[in-house]
Amino acid sequence: MSNQERMDSMENQLIDIRLAVSALLETVAIHQRNFEVMQRNFDSVVIEMREMQSEIREMQSEIREMQSEVREIQL
C-alpha cells in the first residue's frame, strides 16, 4: 500500500469518525431536549397533585363542618 493510499484511508477513517461523533452529539441533544420536556411534564404533574391535595383538604373540612351541623340538628 502506497503512502497516498494510506493517507486516503486515514482521511476516510477520520471522516467516518467525525460523522459518528456528529451523530452522537445530535443524539445527545435529542435526549437532552426529551429530558427537559419530561422534567416540565413532571413539574406540571407535581403542581396539579398539590392543587388536588389542597382541594381535598378543603373538601374534608367542609364535610366535617356538615357532619357537625347534622349532629346539631339531630340533637
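## One salt bridge

The count of salt bridges here comes to one, where a salt bridge is a side-chain nitrogen of Lys or Arg within 4 Å of a carboxyl oxygen of Asp or Glu. The partners are R33 and E26, whose closest N and O atoms lie 3.7 Å apart. Side chains of opposite charge can pair when their charged atoms come close. R33 is partly exposed, at 44% relative accessible area, and E26 is partly exposed too, at 43%; partly exposed falls between buried (under 20% relative accessible area) and exposed (over 50%), with a 1.4 Å probe and protein chains only.

## About the model

This is a predicted model, in which local features need pLDDT of at least 70 and side-chain atom pairs count only at pLDDT 80 or more, while totals for chains, interfaces and linings use all residues. Residues are numbered from 1 along each chain as its sequence is written, and side-chain values use heavy atoms, leaving out hydrogens and water.

## Overall form

The protein has one helix and zero strands, both taken from DSSP runs (helices H or I, at least four residues; strands E, at least two) and numbered from the N terminus. Its radius of gyration is 32 Å, well over the 11 Å that the globule rule gives for 75 residues, so the protein is more spread out than a compact globule. That radius is taken over C-alpha atoms, and the globule rule is 2.2 Å times the number of residues to the power 0.38.

Along the principal axes, the C-alpha atoms fill a box of roughly 110 × 15 × 5 Å. For a sense of spacing, take E36, a helix 1 residue: its C-alpha atom is separated by 42 Å from that of R64, 28 residues apart along the chain. Buried residues make up 0% of the 75 residues.

## Surface patches

The accessible surface comes to about 7300 Å², with 59% belonging to carbon and sulfur atoms; areas come from the Shrake-Rupley method with a 1.4 Å probe, and for residues only the protein chains shown count as cover. Patches are made of residues with over 30% relative accessible area and no salt bridge, joining like charges within 9 Å and nonpolar side chains (Val, Leu, Ile, Met, Phe, Trp, Tyr) within 5 Å.

I17, V21 and L25 form a nonpolar patch with about 290 Å² of accessible area together. I17 sits in helix 1, residues 3-74. A negative patch is formed by E48, E51, E55, E58, E62, E65, E69 and E72, with Asp and Glu counted as negative, Lys and Arg as positive, and His and the chain ends not counted. Among its members, E51 lies in helix 1 and is partly exposed, at 48% relative accessibility.

Notes: Charge placed at Lys NZ, Arg CZ, Asp CG, Glu CD.
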